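Me: I would like a close look at one part of this model, the strands and the space around them. Please keep it brisk.

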Amino acid sequence: MNRTTFALGAILAACAPAALMAQEVTLRLSHWVPPTITPATKGIDPWAQSVMEASDGRIEIQIFPAQQLGRAPDHYDMAKDGIVDLAYVNPGYTAGRFPIYALTEVPFMVSDSVEGAKAIHEWYLANGGAEEMSDVIPCFIHPHAPGAFHSQVDVTSPDQVRGMNVRPAHATMARFISLLGGGPVQVPAPEVREALSKGTAEAVTFPWGSMYDFNLTEEVPVHLDMPFYLSAQVMVMNKASYEALSDENKAVIDDHCTPEWSGQVAAGWYEDDMAAKEQLMALEGQTFNTPSEEEIAAWIEAAAPLTEEWKAAVTEKGGDADAILEAYKAALEEHNAAY
């Protein structure tokens, strides 16, 4: 071996560990939100961009929006089965599958979605969430600002929902509508406008920004002006995809799957919801109804059975429902996000 060959071999040997460390990987991320709508533009997209930047380009995230790779209710299984590496999941689209997480759907519990996202992240993983979603790796929590009840007619008290067909945000809200004597119309968010325009539904529980995101300002121009419920989506990752990453790239993902990131992705959605509400209030033809204290109390009382039903479902699965509920309330109080 001559000196030149030896020197070249030494250089290549020295560079080999660095080359292994500089792993390049493309992760496929699927969600069901139209790409121009706030949850994507102010939550998912900035998160994915930050992952790419923090990895110095080693991790590329290829985003497939608007149900391109599968229906909204299928996204958890898409991540579990490795059809995609990352999936944006609404647990409420699959009733009964995630009984612990369903507590986040009980109305009149969360007042602040940004701090609430941090609280839910911490609470869920510490109280059975890792086991409940053991097929995947939960990454971040992504709620909207507390949503409202939007309808075609005036609604200020729970008794007025009787006989009304309502598109609920998730399974727990569907149960609430049923308890009130209404008929839940369960369709994914992108299909809501069609349901309203055809008369299949007369009202919807939605965040404020969705009035513009899904072009609903004329379909449901009457709004109950009170924080009503929360829908908190979860970004999850396929376990095999995570394990295949280098330690360096795993660290980047770990740094982006934290309570702080849950709050950060929620912040953009909250700001957009509040801006949309202000815009709606200035729009001609929109009606905002403020319930009285007695009506607010009636709504909260009407929702009480949902907590008892949640406790029964968790107990049936072997969970300590009382302890999990108290931990949830404590987390919300600690983050100043309780209703």
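How many bridges join strand E5 to strand E9, and do they run parallel or antiparallel?

Reply: Four bridges join strand E5 (residues 147-151) to strand E9 (residues 222-229), and the two run antiparallel. Helices (H or I, at least four residues) and strands (E, at least two) are DSSP runs, numbered from the N terminus. Two strands pair if DSSP finds at least two bridges between them. Phe149 has Leu224 in E9 as its bridge partner.

First, the ground rules. This is a predicted model, in which local features need pLDDT of at least 70, side-chain atom pairs count only at pLDDT 80 or more, and totals for chains, interfaces and linings use all residues. Residues are numbered from 1 along each chain as its sequence is written, and side-chain values use heavy atoms, with hydrogens and water left out.

E5 and E9 belong to an open sheet of six strands, in the order E7-E6-E8-E5-E9-E11. Its pairing is mixed. Strand E7 (183-184) and strand E11 (287-289) are the edges, and each pairs on one side only. Strands of a sheet pair through backbone hydrogen bonds, either parallel or antiparallel.

Strand E3 (residues 86-89) shows both senses of pairing. Strand E1 (residues 25-30) runs parallel to E3, with two bridges. There, Leu29 partners Leu86. E3 also pairs with strand E10 (residues 232-238), antiparallel, over four bridges. Val89 stands opposite Val234 in E10. In a regular strand the side chains alternate between the two faces of the sheet. In E3, Leu86 and Tyr88 point one way, Ala87 and Val89 the other. All are buried (under 20% relative accessible area; exposed is over 50%, partly exposed in between; 1.4 Å probe, protein chains only).

On a 1 Å grid over the protein atoms alone, a cavity is a set of points where a 1.4 Å probe fits but cannot get out; lining residues have an atom within 4 Å of a point. Points are joined across faces, edges and corners, and a volume is the space filled by probe spheres set on them. There are three cavities of 30 Å³ or more.

The largest cavity holds about 180 Å³. It is lined by 20 residues, with Trp32, Ala189, Phe206, Pro207 and Trp269 nearest its centre. This lining has 13 nonpolar, five polar and two charged residues.

Terms used. On a 1 Å grid over the protein atoms alone, a cavity is a set of points where a 1.4 Å probe fits but cannot get out, and a pocket is an open set with protein on both sides within 12 Å along at least five of seven lines; lining residues have an atom within 4 Å of a point. Ala, Val, Leu, Ile, Met, Phe, Trp, Tyr, Cys and Pro count as nonpolar, Asp, Glu, Lys and Arg as charged, and the others, Gly among them, as polar.
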